[in-house]
Amino acid sequence: MYTTGEKPGKGKYKCLKCGKIVTLENDSDSLPICPVCKHDKWEKL
Ligand SMILES: [Zn+2]
């Protein structure tokens, strides 16, 4: 599990609350706040 603000590397991450999927394009990108439900916990797909 990852938290908003972490930089876990490029790839797809799913919001643990609503299932929204976001893509980090670069290893230097940080995880956002979920744009749908404002949750801050993610899992890697
Ligand atoms: Zn969400």
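Visitor: Which residue stands opposite Cys 15 in E4?

Guide: Glad you asked; this is a predicted model, in which local features need pLDDT of at least 70, side-chain atom pairs count only at pLDDT 80 or more, and totals for chains, interfaces and linings use all residues. Residues are numbered from 1 along each chain as its sequence is written. Strands (E, at least two residues) and helices (H or I, at least four) are DSSP runs numbered from the N terminus. In E4, the residue opposite Cys 15 is Trp 42.

Visitor: How many bridges join E2 to E4?

Guide: Strands of a sheet pair through backbone hydrogen bonds, either parallel or antiparallel. E2 and E4 run antiparallel, and the number of bridges joining them is three.

Visitor: What is the order of the strands in the open sheet, and which strands stand at the edges?

Guide: The protein has zero helices and four strands. The open sheet has the order E1-E4-E2-E3, with antiparallel pairing. A single partner strand is there for each edge strand, so one side of each is left without a neighbour in the sheet; these edge strands are E1 (2-3) and E3.

Visitor: Is Lys 17 exposed, partly exposed or buried?

Guide: Lys 17 lies in the loop between strand E2 (11-15) and strand E3 (21-24). A residue is buried if 20 or more other C-beta atoms, placed from the backbone, lie within 10 Å of its own, exposed if 12 or fewer, and partly exposed in between. Lys 17 has 14 other C-beta atoms within 10 Å, so Lys 17 is partly exposed.

Visitor: Which residues does Lys 17 touch, not counting residues up to four places away in sequence?

Guide: Two residues are in contact if their C-beta atoms, placed from the backbone, lie within 7 Å. The C-alpha atoms of Lys 17 and Cys 34, 17 residues apart along the chain, are separated by 9.1 Å. Leaving out residues up to four places away in sequence, Lys 17 touches Cys 34, Cys 37 and His 39.

Visitor: What percentage of the residues count as buried?

Guide: The C-alpha atoms fill a box of roughly 25 × 15 × 15 Å, taken along the principal axes. Of the 45 residues of the protein, the buried share is 9%.

Technical notes
Two strands pair if DSSP finds at least two bridges between them.
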